Amino acid sequence: MSVDERREQLIAVALELFSRRPPEEVSIDDIAAAAGASRPLVYHYFPGKQALYEASLRRAGRELSARFEEPMEGPLSERLFRVMGRYLDFVQSHGPGFAALLRGGSVAASPGTSAVIDEVRRAAHDQILAHLAVPAPSPGLRLTVRAWIANAEITSLEWLGERSVPLAELQLHLVQEFVASLTLTAAREPALAAELASFFADERPDGPSGLLVRDLAGLFAVPGILDAVTALASGRAPAAAEPVDEPSAQSTEGPAGAAPA
């Protein structure tokens, strides 16, 4: 192999090992054996495991950032659904090493590795804002996007440990959470509310947003919820429940004042 080819091979092998095990459980000897190379050869290309870990993480970061790229065509929620499918597939494939790092529990964490993760988050933030196509995103909208990215990260890592719901269900849930957060932000920002009208107009009934609206409509069909929400929206308190009469002293004592049995 040429110098560049051997270096790239070592990075690829290291990334595969770091994806399957936390970085502190992977040694230079493990990497050398998996690459069919000697320990001194690995040290010839990298001064130590930390340098090799950061190089492999940068490669993974570029790959993950690329998964947020999506053609700006079709309903927004469906675009995000495809993006989250690729993101969750990546998380699932690189679980142990990235879980340890992102939770702050990895001894391999460093300013270099943190910078890679921050670059991925910035790429996700910028891509989502580009898809929203809002001419001048407000601080509130930017905060909403960043908060959702953090929530998606935490939720997906928790899913790695539990696998309590199917992956497709988690994918839909995360996209619908974004739609809900965007709607709440628009309720506070008139300029964004105007943009939201065209957003919902482009959505389809069987897409993530359409399914969310139907779920909410079903929730309002539960007795009492719609009345309570309507009362809150009108600025008046919901009607109080009818008071329940306390049992009288006579009823507890029995007929003609007799002591109860």
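Tutor: Two residues are in contact when heavy atoms of theirs lie within 4.5 Å. The model is predicted. With that cut-off, Gln-50, Tyr-53, Glu-54, Leu-57, Arg-58, Gly-61, Leu-64 and Ser-65 of helix 4 meet Gly-112, Thr-113, Val-116, Glu-119, Val-120 and Ala-123 of helix 7. By class, the residues of this contact are six nonpolar, five polar and three charged. Two packed helices are described by the angle between their axes and the distance between the axes. For helix 4 (residues 49–66) and helix 7 (residues 111–132), the axes come within 9 Å and cross at roughly 0°. Angles under 35 degrees count as roughly parallel, so helix 4 and helix 7 are roughly parallel to each other.

The phi of Ala-133 is near 55°, a positive value in a residue other than glycine. Ala-133 counts as exposed because its relative accessibility is 53%.

The second pair is helix 8 (residues 139–162) with helix 9 (residues 167–188), whose axes come within 10 Å and cross at roughly 160°. Angles over 145 degrees count as roughly antiparallel, so helix 8 and helix 9 are roughly antiparallel to each other. The crossing of helix 8 with helix 9 is right-handed. On the helix 8 side, the contact residues include Gly-140, Leu-141, Thr-144, Val-145, Trp-148 and Trp-159. On the helix 9 side, Leu-167, Leu-170, Leu-174, Phe-178 and Leu-182 are among them. The classes in the contact of helix 8 with helix 9 are ten nonpolar, seven polar and one charged.

The loop between helix 8 and helix 9 holds Arg-163. Arg-163 has a positive phi of about 50° although it is not a glycine. Because its relative accessibility is 43%, Arg-163 counts as partly exposed.

Helix 5 (residues 76–93) can be looked at by itself. Helix 5 has 18 residues and reaches 26 Å from its first C-alpha to its last, close to the 26 Å expected at 1.5 Å a residue. Buried residues in helix 5 include Leu-76, Leu-80, Val-83, Met-84, Tyr-87, Leu-88 and Val-91. Glu-78 and Arg-79 are also among the buried residues of helix 5.

As for the setting, the protein chain has 13 helices and zero strands. Of its 261 residues, 39% count as buried. Among contacts between residues at least 6 apart in sequence, 64% join residues at least 24 apart.

Notes
Residues are numbered from 1 along each chain as its sequence is written. This is a predicted model: local features need pLDDT of at least 70, side-chain atom pairs count only at pLDDT 80 or more; totals for chains, interfaces and linings use all residues. Side-chain values use heavy atoms; hydrogens and water are left out. Axes are lines fitted to C-alpha atoms, for helices over the stretch in contact, and angles run from 0 to 180 degrees between N-to-C directions. Helices (H or I, at least four residues) and strands (E, at least two) are DSSP runs, numbered from the N terminus. Angles under 35 degrees count as roughly parallel, over 145 as roughly antiparallel, 65 to 115 as roughly perpendicular and the rest as oblique. Ala, Val, Leu, Ile, Met, Phe, Trp, Tyr, Cys and Pro count as nonpolar, Asp, Glu, Lys and Arg as charged, and the others, Gly among them, as polar. The expected span of a helix is 1.5 Å times one less than its number of residues. Buried means under 20% relative accessible area, exposed over 50%, partly exposed in between (1.4 Å probe, protein chains only). A crossing is left-handed if the near helix is turned anticlockwise from the far one by less than a right angle, and right-handed if clockwise.
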